[in-house]
Amino acid sequence: MTSRVSVTRVVDWCDTDAAGHYHHSSVIRWVEAAENELHVQRGLLELFGVVPRVRYEVDYLDRLWFREEVVTELWVESLGRTSLVYGFEVTGPRGPAARGRMVCVNIGDRSGEVPAGADSPAVAWSDAERAALQGAAG
């Protein structure tokens, strides 16, 4: 297993805006596709729907045009007790097009309810989740 995962996509018509290049919202879809690939490779499918995003930041570096191929690379930048930070980069034919970070929090189940006596719905990673996520650190 590698510490980084990547997915390749082609900029589709629905990924573009009126200016003809990719719309900023396309990046999060490509990043989430890479996150899904990481979960598949690491055996973490139970995390789907229980690790919401609490912060997302992107530097847009280049335009991507309809039908251009893009590669989105994702890695675990840091792992806390209940949260993690993904780093990512989207690369097009001329080089990096977007780069950023996404902070996620483990809420343990899909209800999002705050456990009795807790301040938030966040829960600690299990030992197995922690080991798999640490193995994905870039």
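Student: What percentage of the residues in the protein is buried?

Tutor: This is a predicted model, in which local features need pLDDT of at least 70 and side-chain atom pairs count only at pLDDT 80 or more, while totals for chains, interfaces and linings use all residues. Residues are numbered from 1 along each chain as its sequence is written, and side-chain values use heavy atoms, leaving out hydrogens and water. Buried means under 20% relative accessible area, exposed over 50% and partly exposed in between, with a 1.4 Å probe and protein chains only. Of the 138 residues, the buried share is 38%.

Student: How many aromatic pairs does the structure hold?

Tutor: Rings of Phe, Tyr and Trp (its six-membered ring) pair if their centres lie within 6.5 Å; planes under 30 degrees apart count as stacked, over 60 as edge-to-face and the rest as tilted. The number of aromatic pairs in the structure is 4.

Student: Why is the pair of Trp-13 and Phe-66 classed as it is?

Tutor: The ring centres of Trp-13 and Phe-66 are 5.2 Å apart. Their planes stand at 80°, so the pair is edge-to-face.

Student: Is Trp-13 buried or exposed?

Tutor: Trp-13 has a relative accessible area of 61%.

Student: What kind of pair do Tyr-22 and Trp-30 make?

Tutor: Tyr-22 is buried at 5% relative accessible area, and Trp-30 is buried at 5% too. Their ring centres lie 6.0 Å apart with planes at 25°, so the pair is stacked.
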